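Biologist: Please show me the chain and its fold. Then I will ask how you reach each label you use.

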Amino acid sequence: MLDFKTTDLCDDYSDELQISDIAFRSFGKKTRFSGKIETVSVYEDNVLLVEALESVQEGSVIVVDGGGSNRCALLGDRLAGIAQSRKLSGVIINGYVRDSVDLAKMNVGILALGTNPLKSKKEGTGERNSKFHFGGVDWNPGEYVYVDEDGVIISKQPLL
């Protein structure tokens with residue numbers, strides 16, 4: 001499953017792909033990952049992210065639209081541990097993470113904009129399984145994302 005390069009996928013399928021224009025930072029041990037997209041839209045509140053981590057299918061990639069807020073972290077070592085134990089492929093966050101040294105040891109892909117030591121609110125606001133747009137691409141539940149050191153690409157169909 002990890003025998004792919006986004007560059008090769010772009011060469012073969014460029015007309016069918018969306019390519020994110022965000023220069024995400026990689027925080028998890030896995031720098032190459034892929035899977036079916038599950039979405040969570042929140043702002044400075046990670047309750048719905050926890051629910052998704054505990055319920056989505058093994059191998060999924062949870063994409064979180066955190067509005068790009070740098071005022072708190074949406075994921076830390078405890079939540080990354082849930083992702084790892086449930087064998088999720090990865091988490092992509094339009095927002096920030098914390099516990100970066102611990103995240104680097106977790107066998108899960110984690111992309112985010114940066115780090116912030118402050119934890120998020122716990123109010124349960126936001127939305128799951130919604131469509132949203134960030135990084136120049138549309139993120140739709142049920143589509144597929146492929147990530148490696150060269151970038152993040154999205155496809156309507158599985159490519160592997």
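Modeller: One definition comes before the labels. Buried means under 20% relative accessible area, exposed means over 50%, and partly exposed lies in between. Keep in mind that this is a predicted model.

Biologist: Then why is N129 called partly exposed?

Modeller: N129 has a relative accessible area of 47%. N129 sits in the loop that links β10 and β11.

Biologist: What is the phi of N129?

Modeller: Phi of N129 is positive, about 55°, although N129 is not a glycine. Most residues other than glycine have a negative phi.

Biologist: Is E44 buried or exposed, and why?

Modeller: The relative accessible area of E44 is 6%. Buried means under 20%. Therefore E44 is buried.

Biologist: Let us turn to the pocket. How much space lies in the largest pocket?

Modeller: The largest pocket holds about 170 Å³ of space. Its lining has 13 residues, with N46, G76, R78, R98 and K122 nearest the centre.

Biologist: What makes up the lining of the largest pocket by class?

Modeller: There are six charged, four nonpolar and three polar residues in the lining.

Biologist: Which residues does the UniProt annotation "binding site" cover?

Modeller: In the unreviewed UniProt entry, that annotation covers G76, D77, R78, L79 and R98. These residues spread over 23 residues of sequence, yet they cluster in space, with a largest C-alpha distance of 10.4 Å. The lining of the largest pocket includes G76, D77, R78, L79 and R98. For "binding site", UniProt also lists D99, again in an unreviewed entry.

Biologist: Why is G76 counted as buried?

Modeller: Its relative accessibility is 8%. The limit for buried is under 20%. So G76 counts as buried. G76 lies in the loop between β5 and α3.

Biologist: And why is D77 counted as partly exposed?

Modeller: D77 has 32% relative accessibility. Under 20% would be buried, and over 50% would be exposed. D77 is therefore partly exposed. The place of D77 is in helix α3.

Biologist: What makes D99 partly exposed?

Modeller: The relative accessible area of D99 is 29%, so D99 is partly exposed. D99 lies in the loop between β7 and α4.

Biologist: How do you know that D99 touches G76 and D77?

Modeller: Contact means heavy atoms within 4.5 Å. Leaving out residues up to four places away in sequence, D99 touches G76 and D77. On the same terms, G76 touches R98, D99 and L103. D77 touches R98, D99, D102, L103 and M106, counted in that way.

Biologist: Now the nonpolar core. What makes a set of residues a core?

Modeller: The residues must be buried and nonpolar, and joined through side-chain atoms within 4.5 Å. In soluble globular proteins, nonpolar side chains tend to be buried together. The largest nonpolar core here has 26 residues. L53, I62, V64, L75, I93, V97 and I110 have the most contacts inside this core.

Biologist: Which element gives the most to this core?

Modeller: That is α2, with five residues. In α2, the residues L48, L49, V50, A52 and L53 are buried. What covers the buried residues of α2 includes β3, β4, β5, α3, β6 and β10.

Biologist: What does L53 touch?

Modeller: Beyond four places in sequence, L53 touches I62, L79, I82, A83, R86, L88 and V91. Apart from this core lies another, of 15 residues, among them F33, I37, F134 and V137.

Biologist: One last label. Why is R32 called partly exposed?

Modeller: R32 has a relative accessible area of 24%, so R32 is partly exposed. R32 is in the loop between β2 and β3. Leaving aside neighbours within four places in sequence, R32 is in contact with L2, F4, K5, V147, D148 and E149.

Methods: Residues are numbered from 1 along each chain as its sequence is written. This is a predicted model: local features need pLDDT of at least 70, side-chain atom pairs count only at pLDDT 80 or more; totals for chains, interfaces and linings use all residues. Side-chain values use heavy atoms; hydrogens and water are left out. On a 1 Å grid over the protein atoms alone, a cavity is a set of points where a 1.4 Å probe fits but cannot get out, and a pocket is an open set with protein on both sides within 12 Å along at least five of seven lines; lining residues have an atom within 4 Å of a point. Grid points are joined across faces, edges and corners, and a volume is the space filled by probe spheres set on the points. Ala, Val, Leu, Ile, Met, Phe, Trp, Tyr, Cys and Pro count as nonpolar, Asp, Glu, Lys and Arg as charged, and the others, Gly among them, as polar. UniProt positions are given in the numbering used here, feature names are shortened, and annotations may be inferred rather than shown by experiment. Helices (H or I, at least four residues) and strands (E, at least two) are DSSP runs, numbered from the N terminus. Buried means under 20% relative accessible area, exposed over 50%, partly exposed in between (1.4 Å probe, protein chains only).
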